[in-house]
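Please look at the chain shown below and keep it in view while reading.

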Amino acid sequence: MSVSVFDIFRVGIGPSSSHTVGPMRAAYRFSKELCEKGLDRQTARLWVDLMGSLGATGIGHGTDTAFQIGLTGVLPATINLDEAPKVLEDIKTRHKLRLPSGREIDFDPARDVILSPEKIAIYHTNAIHVIAQDENGEILLARRYYSIGGGFIVESDPDNFDKVTEDKETLHKTPQPYPVDSAADLLRWCHETGLSIPEVVRANERAWKTDEQIDRELDYIWQMMKDCVSRGLKAEGVMPGPLKVKRRAKQMYEHLDFSHRTLNDPLAVLDWVNAFAFAASEQNACGGQVVTAPTNGAAGVIPAVLHYYMKFIDNADIHGVRDFLLTAGQIGALYKENASISGAEVGCQGEVGVACSMASGALAQILGATPEQVENAAEIGMEHHLGMTCDPVAGQVQIPCIERNAVAAVKAINSARLALMGDGHHYVSLDQVIVTMYKTGLDLQSKYKETSQGGLAVSVVEC
């Protein structure tokens, strides 16, 4: 497996990794190729067809606007959130879009961003078909990208749009000393080397980075998570979209700041975890900067559990945070490579469920678990998310997504504690539950997989 921890954890913007981050990165790649080949000088029109789930919930997830920003040469990790709305308004009013080369082309979002929920590509439902044409209508460049979850994109063969070419984004060619393709591999390496899970993961990351680079990037991820939660705990008002959902994290936090000092409630810690999860998830829902972990729709789980560790566990420190992220990243990579982290492909079990599994195993690790207990905790975290649908109301990553992050964070803490109370022996392995999750997701009807055509998305509207 060549997926790095730093492929799983990425800094991006809300509200969705597959519907916002992925399409923005695809647009960036297309415009960059167009300009590098000098085809921008001949381009008279550029248009995109957002297919499947991207067409069904693209407006609510900001897919259309993210794609436009990406075409201008901006990436999710470097976007200026204050300038982006001005750029979008300029495109909308002038019907002009400036490519990275500086050349302006005609672009009318109402005409050139096409939503086709009825078109389901063979490879993946999140298909992005982009075409640039000259003034005579001749095609200069045509590409199809697939946003496969977690902000990952793959590109199809230009001669066969249903066949995917090599994924250059996560292709790390230097071999790892301890190749991990399954949880069984991970446990085997721990037994053979005497290393812990995060030590095995770190040794593999050393194939591509120095220890100093690894620590620096892990600390950056943690800092971005802290910043996200901090902003979320201070923000108030109504979240964007037709639902007019009120932000709750600040109110929850202010109440806890008082009650934590005055009430002797043994379950108050769960309220803190809820507030942390709400803070990050509300930032995501409002298009703020978050860490994809492993997706944006699940971006509140791991920050909440890490905040729990730092606030309530004695002797918590940055070394524990690093081991947490290394462990969680490896677990996420197992799901990415052996199943899916795309809500549009396998439902919310592939997003919030995977985040819970990652956080469960990682927390168990830094609380002193054996490798077998870590694997057990990760399995428990997913086992009780199996079959979870992705049915965002009105196509917004708000209901039920924000509460789901909070519930999953609490569930991760309980999963870790359950595993620590055992000896690591259990009937269902992590590898088995990963396969089960994937098969279950494929069996789900499409209306329950990020299309807002079934489940709560329909029931709430009907009521």
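A network of salt bridges links R202, R206, D211, D215, D219 and R322. Here a salt bridge is a side-chain nitrogen of Lys or Arg within 4 Å of a carboxyl oxygen of Asp or Glu. The model is predicted, so local features need pLDDT of at least 70 and side-chain atom pairs count only at pLDDT 80 or more, while totals for chains, interfaces and linings use all residues. Residues are numbered from 1 along each chain as its sequence is written, and side-chain values use heavy atoms, with hydrogens and water left out.

One of the links in this network joins R202 to D211, and the closest N and O atoms of R202 and D211 are 3.0 Å apart. R202 counts as buried, at 14% relative accessibility, whereas D211 counts as partly exposed, at 27%.

Side chains of opposite charge can pair when their charged atoms come close. By the rule used here, the count comes to 26 salt bridges. Among them is the bridge between E33 and R143, whose closest N and O atoms are 2.7 Å apart. E33 lies in helix α2 (residues 17-36) and R143 in strand β7 (residues 139-149), so this pair ties together parts that are 110 residues apart in sequence. Helices (H or I, at least four residues) and strands (E, at least two) are DSSP runs, numbered from the N terminus. Both E33 and R143 are buried.

Another salt bridge joins the side chains of E236 and K250, at 3.3 Å from N to O. E236 is in the loop between α9 (211-234) and α10 (249-262), and K250 is in helix α10, 14 residues apart, so the pair links distant parts of the chain. E236 counts as exposed, at 60% relative accessibility.

Which residues do ring pairs link into a cluster? They are Y253, W272, F276, Y308 and F312. Rings of Phe, Tyr and Trp (its six-membered ring) pair if their centres lie within 6.5 Å; planes under 30 degrees apart count as stacked, over 60 as edge-to-face and the rest as tilted. The count of aromatic pairs comes to six by this rule. One of these pairs is Y253 and W272, which is edge-to-face, with 5.8 Å centre to centre and 85° between the planes. Y253 is in helix α10 and W272 in helix α11 (residues 268-285), 19 residues apart. Y253 counts as partly exposed, at 29% relative accessibility, and W272 as buried, at 4%.

W272 also pairs with F312: the ring centres are 6.3 Å apart and the planes are at 70°, so this pair is edge-to-face. F312 lies in helix α12 (residues 301-312), and the pair ties together parts that are 40 residues apart in sequence. At 26% relative accessibility, F312 counts as partly exposed. The charged end of K311 sits over the ring of W272, 4.2 Å from its centre. K311 also lies over the face of F312, at 5.9 Å from the ring centre. A charge sits over a ring if NZ of Lys or CZ of Arg is within 6 Å of the ring centre and within 35 degrees of the ring normal.

The last stop is F161, in strand β9 (residues 160-164). F161 is partly exposed, with a relative accessible area of 24%.

Definitions and conventions
Buried < 20%, exposed > 50% of the residue type's maximum accessible area, 1.4 Å probe, protein only.
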